[in-house]
Every structure is written in structure tokens, then in C-alpha cells.
Amino acid sequence: MTTLTFDIRPAQKRDCEAIANVHEKAWQYAYAGIIPHKSLSNMIARRGPQWWQRTICGSNAVLVADIGGKVAGYATVGRNRTAQLAQKGEIYELYIRPEYQGLGFGGQLFAAARARCANFGLKGTVVWALEENINAMGFYEAMGGLDVAEGTESFENKILKKIAFVWN
């Protein structure tokens, strides 16, 4: 019998390549058919290991979900960027490799990301999700998020609606 360990920890420089790989796989899975192909490919290409190294060394907190020594997901957190919302913390991104989705790891990473915001003194959390990303919408609803605001993102002249979920 093999027992896998599961840990959520701060990202380290040695994780940059693995995080870039999770980013690529998770974004392709989440956004293929939603975000136009050219835009999606360009967004993924910009987020290679060097980009992640700068992000990890910067002011934003990056957490990784480590399963048996393999980075299976990540979350980035920091100060809320939307002044109209009262919540002080924001989860900018939370992604799990497709093969690990639906197993509870995302919920644990989400809880850790919210706790990280609280540890930074940032009361309340906001997360934005594209409305067409049914998996993300369902996930944040299941996590108890309240749908309180709408916005848009533009990709190659395609306008997509995004929804803000909040937790106080």
C-alpha cells in the first residue's frame, strides 16, 4: 500500500517549472473554447518558469498544493484590486491540474488561500471567475461564495462576463 502525502505550502523557487506546467494544463482545461485560442496560447506562453520566479520573489503570496512531492495546484493571493468591493483580500488565481480536480484538493487550497489573506490582515475575500467557466462557477458557489458583482474581460474582440464571489 502506498500513502501519498498532501501539503499546502508557500511556493519556493524550485517550484517554478512545476507551477508553470500546472498553469498550462489547468488553463487549457478551463478555458479552451471559452477564451479565443490565440489569446489563451499567448497568456499561457507568458507564464513560464521565469515569470513564476519573479512572482514568487515579489509581493504576492503563492501557495502550492503538493501531492506526494508533485505540485498539483497553486493559488496566488493578495490585496483586493477592486476598490468598489469591501473585502480586503483577493484570491487572484486558484488552479488544480485536471487529473486532481474533484478530489477535494481545490477546497483545501481555497481554505488555505483564504487563511493566508487573513494572516496578512486582509479581512474578507473576493474571487473573480469567468461566467462561462462552469467548473469555477460551481466550485465557488459550493464554497459558499456570494455573487455580488459583474465585470468583463476582452480577448481578441470577444467580451466575456466575469463574476465576483465574496466571503466576509
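Analyst: In this predicted model, seven strands form an open sheet in the order β1-β2-β3-β4-β5-β7-β6, and their pairing is mixed. The edges are taken by β1 (6-10) and β6 (146-155); each has a single partner strand, so one side of each is left without a neighbour in the sheet. Direction ignored, neighbouring strands of this sheet are turned by 25° against each other on average.

The β6 end of the sheet may be taken up next. Strands β6 and β7 run antiparallel and are joined by nine bridges. The two strands form a hairpin with two residues between them, and glutamate 156 in the turn has a positive phi of about 50°. Within this pairing, alanine 149 stands opposite alanine 164 in β7, and glycine 151 stands opposite lysine 162 in β7. The charged end of lysine 162 sits over the ring of tryptophan 128, 4.8 Å from its centre.

Phenylalanine 165 is buried, its relative accessible area being 0%. The ring centres of tyrosine 140 and phenylalanine 165 are 6.0 Å apart and the planes stand at 35°, so the pair is tilted; an angle under 30 degrees would have counted as stacked, and one over 60 as edge-to-face. Tyrosine 140 belongs to helix α5 (residues 134-142) and phenylalanine 165 to strand β7 (residues 158-167), so this pair ties together parts that are 25 residues apart in sequence. Tyrosine 140 is buried too, with a relative accessible area of 5%.

After α5 comes glycine 144, which has a positive phi near 90°.

Helix α1 (residues 16-31) lies across β2 (61-67), β3, β4 and β5, and runs at about 85° to β3. Helix α4 packs on the sheet and touches β1, β2, β3, β4, β5 and β7; the direction of α4 makes about 155° with that of β4.

Between β1 and α1 lies a loop that contains alanine 11. Alanine 11 is buried, with a relative accessible area of 13%. Leaving aside residues up to four places away in sequence, alanine 11 touches Ile19, Ile56, Val62, Leu63 and Val64. From C-alpha to C-alpha, alanine 11 and tyrosine 74 are 8.3 Å apart in space, although 63 residues separate them in sequence.

Tyrosine 74 brings the account to the aromatic residues. The whole structure holds 14 aromatic pairs. In one of them, the rings of tryptophan 52 and tyrosine 74 have centres 4.8 Å apart and planes at 65°, so the pair is edge-to-face. Tryptophan 52 lies in helix α3 (residues 49-57), while tyrosine 74 lies in strand β3 (residues 70-79), so the contact ties together parts that are 22 residues apart in sequence. Tryptophan 52 is buried, with a relative accessible area of 0%, and tyrosine 74 is buried with a value of 0%. Both residues belong to an aromatic cluster formed by Trp27, Tyr31, Trp51, Trp52, Tyr74 and Tyr95. Another member of that cluster, tryptophan 51, has the charged end of arginine 47 over its ring, 4.0 Å from the ring centre.

Methods
Residues numbered from 1 in each chain as written. Predicted model: local features only at pLDDT ≥ 70, side-chain atom pairs only at ≥ 80, totals over all residues. Heavy atoms only, no water. Phe/Tyr/Trp six-rings, centres within 6.5 Å; stacked < 30°, edge-to-face > 60°. Helix = DSSP H or I, 4+ residues; strand = E, 2+ residues; numbered from the N terminus. Buried < 20%, exposed > 50% of the residue type's maximum accessible area, 1.4 Å probe, protein only. Lys NZ or Arg CZ within 6 Å of the ring centre and 35° of its normal. Pairing = 2+ DSSP bridges. Axes fitted to C-alpha atoms, helices over the stretch in contact; angles between N-to-C directions. Contact = heavy atoms within 4.5 Å.
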